[in-house]
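These are my notes from a first look through a structure that was new to me.

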Amino acid sequence: MKTVPFLRLLPTAIVAVGLLGSAPEAWAQTQAGLRVGIYANREDAFLGGELVTPLDRRIFVNPNVELVVAERATFLTFNMDFYYDIPVRAPLAVWAGAGLAILYFNPEGPAPADTDVGMDLLFGIAFRRQPVIPYMQVKAILSERNELVIAIGLRF
């Protein structure tokens with residue numbers, strides 16, 4: 001029986017959910033978000049979803065997934081990002097962080113699917129508005145398939 005590369009990621013996802021599930025008070029402060037943008041190296045648009053959970057007053061975990069609209073291929077990225085909320089004197093939230101990136105690329109046709117593991121480096125700015133928070137983020141994915149990701153999003 002052939003193993004689907006995507007299924008090899010299941011243990012990592014289970015561990016991540018277990019770590020997040022161990023802090024119920026943090027889940028009460030969790031925000032969900034939607035984002036759109038472009039994978040600049042490929043010039044392909046994407047649609048993504050995320051959760052943002054505080055681990056400390058200024059440290060957050062941000063698991064997210066992005067579906068890249070690639071021509072004749074399925075391209076997904078799964079990211080487990082951590083970031084530090086930089087103190088600023090403005091009605092803005094500014095953050096910088098890093099995390100784990102898993103890139104899944106499956107072209108149409110006989111070519112095999114490819115799963116690549118890399119690292120995210122990110123920087124973002126959000127406008128402190130409630131209950132919806134608009135933001136912008138730039139992310140570099142460093143892997144065999146390097147990507148520059150420019151996103152805008154909303155958190156609720």
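**Overall layout.** Helices (H or I, at least four residues) and strands (E, at least two) are DSSP runs, numbered from the N terminus. From the N terminus on, I read the order as α-α-β-β-β-β-β-β-β-β. This is a predicted model, where local features need pLDDT of at least 70 and side-chain atom pairs count only at pLDDT 80 or more, while totals for chains, interfaces and linings use all residues. Residues are numbered from 1 along each chain as its sequence is written, and side-chain values use heavy atoms, with hydrogens and water left out.

I looked up burial next. Of the 156 residues, 39% count as buried (under 20% relative accessible area; exposed is over 50%, partly exposed in between; 1.4 Å probe, protein chains only). I also checked contacts (heavy atoms within 4.5 Å). Among those between residues at least 6 apart in sequence, 47% join residues at least 24 apart.

I followed the pairing here (two strands pair if DSSP finds at least two bridges between them). β2 and β3 are antiparallel over seven bridges, and a hairpin of four residues joins them. Glycine 48 sits opposite glutamate 66 in β3. β3 also runs antiparallel to β4, with 10 bridges. In that pair, valine 61 faces phenylalanine 82 in β4. Four residues lie between β3 and β4 in their hairpin, and arginine 72 in the turn has a positive phi of about 55°. Why is β3 largely enclosed by the rest of the structure? Seven of its 10 residues (strand 59-68) are buried, so the rest of the structure largely encloses it.

**Strand β8.** I turned to residues 147-155. β8 is antiparallel to β1 (residues 31-39), with seven bridges, and glycine 33 stands opposite arginine 155. β8 is also antiparallel to β7, with nine bridges. There valine 138 stands opposite isoleucine 150.

I picked out leucine 148 in β8. Leucine 148 counts as partly exposed because its relative accessibility is 34%. Not counting residues up to four places away in sequence, leucine 148 touches Ile38, Tyr39, Ala40, Asn41, Val138 and Lys139. Its C-alpha atom is 9.8 Å from that of glutamate 43, 105 residues apart along the chain.

**Arginine 35.** Another, of 3.4 Å, joins it to the side chain of tyrosine 135.

Note on methods: Polar contact = N/O pair within 3.5 Å; in protein donor to acceptor, adjacent residues only side chain to side chain.
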